[in-house]
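Here's a quick briefing to read alongside the coordinates. Have the viewer open and follow along.

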Amino acid sequence: MNKKETGVPDFVLLSEVSEKALMENLVERYKGDCIYTYIGDVVISVNPFKKLDIYNNADINAYRGRYKYELNPHIYALANDAYRSMLQSQSNQCIIISGESGAGKTEASKIIMQFITAVSKSSGDVDKVKSQLLESNPVLEAFGNAKTLRNDNSSRFGKYMEMQFNSAGTPVGGRITNYLLEKSRVVSRAVGERSFHIFYQMLSGLPSPKLKEMKLTKTPADYFYLKQSDCFSVPSINDEKDFKQVQKAMTILGLTELDQESIWR
């Protein structure tokens, strides 16, 4: 949780301010699995391209209610600062997540939502809202993310995610606004890329009788729009498992079986 880290945790503490010093510090910290570094109130994140054990319940509890300088740099500290400021000032807070494709923007947004839903107050109705907020991610990724040459789970759209709270800091709702969906990916993409995840998930996850009823097969190569890029599976993605998660998420979000079947059709 708060192990001794390599490098300088905040760039404002560097003795030399230059591009070379900044990059050397980032590399040193990255080699020590320290993927978060502050620059004042900004958190710089470097995609580790591997699983790190820094997002468990113990870490959430460690950063809960703490000031960011008390512990090692972490996106939990940023989320905690925003949540605390919202409660203290009773005003809206905004976290902007930016970076190039594959930098980890989608994962960062999910981690922030995970932290805030964990530290906010709970009750029967509130837990339902929390579940709906978290389960929106699998649906968004299924219909808006795709495998590209640089990133196996690249968001092909921009989004503004709004979590709504009452004066006590309890989640009461949310809203997601999508921008600039890459609709052209449905009909054309570069060789080695895939269309949106949902097409492959549906073919892998729907039972054979249902596919037959819909006059479909389990083989993506059978379809003109999917076979153009000659990429049908991704080692890091389990389409069948992900489809089950999408179905579960849709149910939690209030979509009936009839609603879901109309979507597949």
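Just after helix α9, G254 takes a positive phi of about 100 degrees. That's in a predicted model, so keep in mind that everything below is read off a prediction.

**Helix α9**

- α9 runs over residues 239-252, which makes 14 residues. From first C-alpha to last it reaches 20 Å, close to the 20 Å expected at 1.5 Å a residue.
- At the N-terminal end, the cap is N238: one of its side-chain oxygens lies 3.3 Å from the backbone nitrogen of E240.
- The buried residues here are D239, F243, V246, A249 and M250. They sit on the same side of α9, because they cover an arc of only 120 degrees around the axis.
- As a reminder, an α-helix has 3.6 residues a turn, so residues three or four places apart point the same way.
- What covers that buried set includes α5 (124-144), α6 (197-205) and α10 (257-264).

**A salt bridge within one helix**

- The structure holds 18 salt bridges. One of them joins D81 to R84, with the closest N and O atoms 2.9 Å apart.
- Both residues belong to helix α3 (residues 75-89) and are three residues apart, so about one helical turn separates D81 from R84.
- Are the two partners buried or exposed? D81 counts as partly exposed at 21% relative accessibility, while R84 is buried with a relative accessible area of 14%.

**Salt bridges between helices**

- E141 and K110 meet through their side chains in a salt bridge, at 2.9 Å from N to O. This pair links distant parts of the chain, with E141 in helix α5 and K110 in helix α4 (residues 105-119), 31 residues apart.
- E141 is buried, at a relative accessible area of 14%; K110 is partly exposed, at 23%.
- E261 pairs with K210 in another salt bridge, where the closest N and O atoms are 3.2 Å apart. E261 lies in helix α10 and K210 in helix α7 (residues 208-213), so the pair ties together parts that are 51 residues apart in sequence.
- E261 counts as partly exposed at 23% relative accessibility, and K210 counts as partly exposed at 21%.

**A salt-bridge network**

- Which residues are linked in a network of salt bridges? They are R156, E182, R185 and E193.

Notes
Residues numbered from 1 in each chain as written. Predicted model: local features only at pLDDT ≥ 70, side-chain atom pairs only at ≥ 80, totals over all residues. Heavy atoms only, no water. Helix = DSSP H or I, 4+ residues; strand = E, 2+ residues; numbered from the N terminus. Expected span 1.5 Å × (residues − 1). Buried < 20%, exposed > 50% of the residue type's maximum accessible area, 1.4 Å probe, protein only. Arc of directions from axis to C-beta. Contact = heavy atoms within 4.5 Å. Polar contact = N/O pair within 3.5 Å; in protein donor to acceptor, adjacent residues only side chain to side chain. Salt bridge = Lys/Arg side-chain N within 4 Å of Asp/Glu carboxyl O.
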